[in-house]
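Here are some quick notes to go with the structure. Have a look at it, then read on.

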Amino acid sequence: MTPDLFSAMPNWCDAAHANFAMDRPDAEVILYPRLFSPIEARNFLAQLLREVSWKQEQIKVYGKIHDVPRLTAWYGEPNTTYIYSGIKVEASPWLPILAEIKNRIEHVSNMTFNSVLLNRYRDGSDSVAWHADDEVELGQNPAIGSVSFGAQRNFQMKHKTDRRQKQNILLENGSYLLMKGTTQHHWLHQIPKSKRAMGERINLTFRKVMLPISNHTFFNKTAAHKIPSPLASKNDLGCCPAV
Ligand SMILES: O=C(O)CCC(=O)C(=O)O
Ligand SMILES: [Mn+2]
């Protein structure tokens, strides 16, 4: 690790693995800044732009329909239906390239994922608003494996109740960020808009969705516990969706 990198990110450590672990309360966050080489990252970006079936989702906020400010796609094992920001999406079957990326991160983080949400940020005006990946179908203490290709963007985190706790993380081309433990309970994250000229970026957040065993319960093969249905979506509950 270079001194520059270290001094730019004073809250990170674990020099032995040339990775960084965030030293903040209620968070377990590990960054692998260059898990994929620049050549691999460039090839993955080009292939994902070509092969993924990108969608422009829309969302209703206070009665008005808006385009979500990025393109999205959802892939995974059968039945890994997912509801986020009031949008319900059925998983498309894995593409070989997604399985390849998944295998790489499962190997380094020693855990398994069964689905992936892809976000395509066309330029600095695309973004994702403050949110936590705490949907009920992800179960308790979900692990979120986040891979980035293309333009680097700022990933901002803030604690839900302790306003002094904030963290900026630069997500570079080929990086892998793992959030786990209680992070999603206590922290929010966002990719803010930027006025700087920048190219496209694709982010993949791998997740483990619990599989439905009826209309009202989900079954997680790992945790082996049942939890209530999320089918009353955030919008139904009148909460502000993350756009
Ligand atoms: O683009 C990113 O780095 C974050 C995306 C994200 O937070 C999400 O898809 O839930
Ligand atoms: Mn997220």
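How do the residues of the shell around ligand 1 divide into nonpolar, polar and charged?

1. They come out as five nonpolar, six polar and one charged. Here Ala, Val, Leu, Ile, Met, Phe, Trp, Tyr, Cys and Pro count as nonpolar, Asp, Glu, Lys and Arg as charged, and the others, Gly among them, as polar.

2. Bear in mind that this is a predicted model: local features need pLDDT of at least 70, side-chain atom pairs count only at pLDDT 80 or more, and totals for chains, interfaces and linings use all residues. Residues are numbered from 1 along each chain as its sequence is written, while chains are lettered from A and ligands numbered from 1 in the order in which they are written.

3. Around ligand 1 you'll find, among others, L117, N119, D133, F155 and H189 (C-beta atom, placed from the backbone, within 6 Å of the ligand). At least two residues of this shell come from each of β9 (115–121), β11 (144–150), β15 (187–191) and β16 (201–207).

4. Overall, the protein chain has four helices and 19 strands (DSSP runs numbered from the N terminus: H or I, at least four residues, for helices; E, at least two, for strands).

5. Two loop residues are worth a look. D26, between β2 (20–22) and β3 (28–32), has a positive phi near 65 degrees without being glycine. N79 sits in the loop between β6 (71–76) and β7 (82–84), and its phi, near 75 degrees, is also positive in a residue other than glycine.
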